[in-house]
Amino acid sequence: MKPRRLSKFIHINDTIQTVKAPTSKSIGQRVLFAAALANTSSKILGINQSDDVQNILKIITQLGAEIIWENEQITILPKKGKIAYELSVGESGLGTRLSVPIVSHFNKNYTITGTGTLLNRPMHWFKKYLPEMGLKVQLNNNYLPIQVEGKLKGGNYTVDGNLSSQYISGLLMALPLCAEDSVLQVENAVSTPYIDITIAVLAKYGISIQNNDYLSYHIKGKQTYTPPLNTFTIEGDFSGAACWIVYGLLSKNGITIENLNPNSTQADIAILKVVHLVGGKIKWENNTLKIIPPEVLKPFEFNAENCPDLFPVLASLAAGIQGKSTIFGTERLRYKESDRATVLIEEFAKLGLTIKAGDNVLKIYGEGNLNSGQINSHKDHRIAMAFAIASLLTPHGLYITDPECVNKSYPNFWEATIVNLKP
Ligand SMILES: O=C(O)C1=C[C@@H](OP(=O)(O)O)[C@@H](O)[C@H](O)C1
Ligand SMILES: C=C(OP(=O)(O)O)C(=O)O
């Protein structure tokens, strides 16, 4: 078995005992923008080295913020330096959807571009809705780069929330800065826990949003971002930790995961429901989570519509369980870093696993183990990490292409695994 292109060989075994979850990139990106828009300086603990977070850090400095590092903590002084008009969000969907409405607050002509997989993700939503909000928008055939000119106006708007919650989060961050009050009606909202974390970060910065059951939001204009008096500490990331939670269920010995908040409102804490569905147990000790696997894992049915990032690693879990597991919410996966449902079907087929696609659903016919083989990650971090965990189920491990794609969310991921360098 020889790799065809730059690949990493991975064969996780069941000796990993304890890992530490990275901090949340979703919260990190939001708080960086909040700090850049604030009236005074902010202290933040837990900015991680992921590409998505580092690109926002770079953007806010390009928008004028000054960053002072003191060991693990940063101080952000808003609007100190120069303002640049061409910004790159790297591969971050959230970075795009937050930065477009936010920069419009500066009433200049901005170009926002990205790299890699982000250039395949459609952005026509901006063209549909931003013009009525006072902005001139130009896209490259519905894709990045986007040019945005003018100043966002508050008002009464109705938008579609079905493509991504990130557009709604962007407007919720930008509309409070407008002169006018706003009512934002959202049809078909998805990934709603991500809207909750936006509103929670805004609340910490003194911005108030009235959420009427995700159907509409009342937003007063002329609000001011006021940093919390204490350091804002970014909690551990359930999206990255989900890989280890699945590992703990599939390995004989379970696992201990540090740096997670048992009361988190992150979307991907929903994975703990799956732990129960398959017969596993959890034990919390402060911010440390222990996963205790059952003797025999039970097939599960789960709706991942509100927590789409769990999908790839839940497919790995289903592969390790004998019987049919069903995961709903594939529609949400098409425009992520890869077309995740299609990629999961194709790549797991290489390892002998049958997955059937239905209407917004994948049915996974797990056998408890997988063949070894070569996997194309499609440069998608969640696919690469899900297959790394799935390598536990193979006799001789897996080759995974473009392993560095994990840097998007979890740069230390490979270090946390046991990597056999020689097959
Ligand atoms: O707001 C966020 O931080 C995110 C929202 C989700 O996207 P969608 O709203 O497009 O599902 C999620 O998939 C993404 O990784 C992060
Ligand atoms: C989809 C993701 O992120 P984003 O949309 O922000 O690029 C992800 O992290 O899985």
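**Figure 1. The shell around ligand 2 draws on both domains of this predicted model.** At least three residues of the shell come from each of domain 1 (7-21 + 236-416) and domain 2 (25-233), where the domain bounds are taken from an automatic or database domain assignment. The residues around ligand 2 are Ser92, Gly93, Leu94, Asp309, Lys336, Glu337, Arg382 and Ser409, a residue being near a molecule or strand if its C-beta atom, placed from the backbone, lies within 6 Å of it. By class, this shell holds one nonpolar, three polar and four charged residues; Ala, Val, Leu, Ile, Met, Phe, Trp, Tyr, Cys and Pro count as nonpolar, Asp, Glu, Lys and Arg as charged, and the others, Gly among them, as polar. Residues are numbered from 1 along each chain as its sequence is written, while chains are lettered from A and ligands numbered from 1 in the order in which they are written. Because this is a predicted model, local features need pLDDT of at least 70 and side-chain atom pairs count only at pLDDT 80 or more, whereas totals for chains, interfaces and linings use all residues.

**Figure 2. The shell around ligand 1 also takes at least three residues from each of domain 1 and domain 2.** Around ligand 1 are Ser26, Leu94, Ser164, Ser165, Gln166, Ser169, Val190, Ser191, Tyr194, Pro308, Asp309 and Arg332. Helix 5 (residues 165-174) supplies the largest share of this shell, three residues; helices (H or I, at least four residues) and strands (E, at least two) are DSSP runs, numbered from the N terminus. The shell around ligand 1 divides into four nonpolar, six polar and two charged residues.

**Figure 3. Lys25 and Arg121, two residues of the annotated binding site.** In an unreviewed entry, the UniProt annotation "binding site" covers Lys25, Gly93, Arg121, Gln166, Arg340, Arg382 and Lys408; UniProt positions are given in the numbering used here, feature names are shortened, and annotations may be inferred rather than shown by experiment. Lys25 belongs to helix 1 (residues 25-36) and is buried, because 26 other C-beta atoms lie within 10 Å; the terms used are buried for 20 or more other C-beta atoms within 10 Å of a residue's own, exposed for 12 or fewer, and partly exposed in between, with C-beta atoms placed from the backbone. Apart from neighbours within four places in sequence, Lys25 is in contact with Asn48, Ser50, Asp52, Val53, Asp237 and Ser409. Arg121 is placed in the loop between strand 7 (109-113) and helix 4 (124-129) and is partly exposed, with 19 other C-beta atoms within 10 Å. When residues up to four places away in sequence are not counted, Arg121 touches Gly93 and Tyr335.

**Figure 4. The hairpin of strand 4 and strand 5.** Strand 4 (residues 66-70) and strand 5 (residues 73-77) run antiparallel and are joined by five bridges, where strands pair if DSSP finds at least two bridges between them. The bridge partner of Ile68 in strand 5 is Thr75. Two residues separate the strands of the hairpin, and Asn71 in the turn has a positive phi of about 55°. Of the five residues of strand 4, the number buried is zero, so strand 4 lies largely in the open.

Figure 5. Most residues other than glycine have a negative phi.

Terms used
Contact = placed C-beta atoms within 7 Å.
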